[in-house]
Amino acid sequence: MASALQTLPCFLRTCQLSPPPRPSISFPSSSSSSFSRTSQSNGRFVSARVKASSSSSATAADVRELKDGIAEFYDESSGIWEDIWGEHMHHGFYDPGTDASGSDHRAAQIRMIEESLRFAGISEERAKKPKRIVDVGCGIGGSSRYLAKKYGAQCQGITLSPVQADRANALAEAQGLADKVSFRVADALNQPFPDGQFDLVWSMESGEHMPDKAKFVNELVRVAAPGGTIIIVTWCHRDLGPSEESLQPWEKELLKRICDAYYLPDWCSASDYVKLFQSLSFQDIKTDDWSEHVAPFWPAVIRSALTWKGFTSLLRSGFKTLRGALVMPLMIEGYQKGVIKFAIITCRKPPE
């Protein structure tokens with residue numbers, strides 16, 4: 001294992017990410033057939049991979065095994081992440097062409113939150129700012145605490161990891177936010193909240209873990225208040241072309257290797273999410289490809305893993321974390337070849 005980790009710097013020298021920028025896209029909120037399959041979504045509604053993830057072929061035992069794997073992975077890895085990278089367990093947002101070696105990566109993670117809010121058009125006016133927020137896949141609560149402080153909002157976070165939930169609550173107490181934020185172990189596909197409770201439904205890099213994307217979206221929609229905003233920031237695969245039924249075999253194999261290490265089910269595209277929200281008649285649906293803005297992130301994570309502190313922490317953390325570290329170069333390869341996209345999808349629930 002150690003010798004394998006030592007090969008990563010060689011790989012890094014060949015992985016300069018520069019995916020071409022593209023403009024953000026807004027979509028009609030109607031679910032009518034006026035949305036063309038050859039329009040800017042550049043793909044079909046649901047790829048073969050999404051169909052598989054939503055079908056009965058994924059048994060209850062398969063889903064339980066996936067959820068257990070996710071919880072155990074984050075139970076093992078969250079401590080080392082916090083120790084090296086801090087309380088925000090997500091990508092940073094960088095200007096294109098940024099020299100990652102000189103970047104303030106923790107500041108870039110805060111910027112990811114701010115850019116997501118800006119893209120979604122979240123108001124900071126006192127009367128319009130969100131007052132009730134849910135953080136779906138909250139990690140150790142970094143986004144929740146940031147949003148609670150920014151807006152003075154009440155925020156609830158859910159995660160499959162008991163270690164994460166305990167740490168998130170401990171950090172809230174330490175930061176004087178225990179009256180504003182709380183965290184619990186819960187399933188994003190069966191959330192423990194009543195209908196229409198939250199002004200802002202926030203999912204920062206958790207959608208990729210969801211075995212049933214349609215059910216995931218339906219739960220986000222259910223807990224959103226009328227007029228509330230949903231923000232999903234997630235890993236996707238590229239949109240399919242008009243003549244494509246699925247990804248290429250080599251693309252599927254690349255994603256499978258990543259899925260096996262990070263406990264991910266089948267991937268979908270950003271256009272798949274768009275069509276799901278269109279089918280529910282949501283408004284102000286927008287998406288953008290931020291791959292170029294996260295390009296410095298994975299090389300920086302790998303470099304941190306190859307420091308003495310990072311390396312020794314990896315060896316102590318357990319097999320699942322170490323296996324995840326070993327496939328980090330595949331994330332770079334996926335971005336470089338255009339298979340993996342870092343996407344944001346935002347929309348608004350119609351008012352009553």
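Helices (H or I, at least four residues) and strands (E, at least two) are DSSP runs, numbered from the N terminus. The model shown in these views is predicted, so that local features need pLDDT of at least 70 and side-chain atom pairs count only at pLDDT 80 or more, whereas totals for chains, interfaces and linings use all residues. Residues are numbered from 1 along each chain as its sequence is written, and side-chain values use heavy atoms, with hydrogens and water left out.

**View 1. The end of helix 14 and the residue that follows.** Just after helix 14, Gly-338 adopts a positive phi of about 80°. Helix 14 itself (residues 328–336) is largely enclosed by the rest of the structure, because 8 of its 9 residues are buried, where buried means under 20% relative accessible area, exposed over 50% and partly exposed in between, for a 1.4 Å probe and protein chains only. The buried residues of helix 14 are Met-328, Pro-329, Leu-330, Met-331, Ile-332, Glu-333, Gly-334 and Tyr-335.

**View 2. The whole chain, for orientation.** The chain has 14 helices and 8 strands, and of its 352 residues 55% count as buried. Among contacts with a separation of 6 or more, 80% are made by residues 24 or more positions apart, a contact being heavy atoms within 4.5 Å.

View 3. Rings of Phe, Tyr and Trp (its six-membered ring) pair if their centres lie within 6.5 Å, and planes under 30 degrees apart count as stacked, over 60 as edge-to-face and the rest as tilted. By this rule the count comes to 15 aromatic pairs. One of them joins Phe-73 and Tyr-74 in an edge-to-face arrangement, at 5.1 Å centre to centre and 80° between the planes; Phe-73 is buried, with a relative accessible area of 8%. The pair of Trp-81 and Phe-297 is tilted, because the ring centres are 6.1 Å apart and the planes stand at 45°. This pair links distant parts of the chain, with Trp-81 in helix 4 (residues 60–85) and Phe-297 in helix 11 (residues 297–305), 216 residues apart. Trp-81 is buried at a relative accessible area of 18%, and Phe-297 is buried at 2%. Ring pairs join these residues with others into a cluster, whose members include Trp-85, Trp-235, Tyr-262, Tyr-263, Trp-267 and Trp-298.

View 4. Trp-267 is found in the loop between helix 9 (249–262) and helix 10 (270–279), and counts as buried at 3% relative accessibility. The C-alpha atoms of Trp-267 and Lys-256 are separated by 9.4 Å, the two residues being 11 residues apart along the chain. Trp-267 also lines the second largest cavity, together with Glu-208, Lys-213, Thr-234, Trp-235, Cys-236, Asp-266, Cys-268 and Tyr-273. Strand 6 (residues 224–237) gives the most to this lining, with 3 residues. On a 1 Å grid over the protein atoms alone, a cavity is a set of points where a 1.4 Å probe fits but cannot get out, and lining residues have an atom within 4 Å of a point.

**View 5. Arg-222 and its contacts.** Arg-222 lies in helix 8 (residues 213–223) and is partly exposed, with a relative accessible area of 22%. Not counting residues up to four places away in sequence, Arg-222 touches Gln-191, Phe-193, Pro-194, Asp-195, Gly-196 and Lys-349. The C-alpha atoms of Arg-222 and Gln-197, 25 residues apart along the chain, are separated by 8.6 Å.

Technical notes
On a 1 Å grid over the protein atoms alone, a cavity is a set of points where a 1.4 Å probe fits but cannot get out, and a pocket is an open set with protein on both sides within 12 Å along at least five of seven lines; lining residues have an atom within 4 Å of a point.
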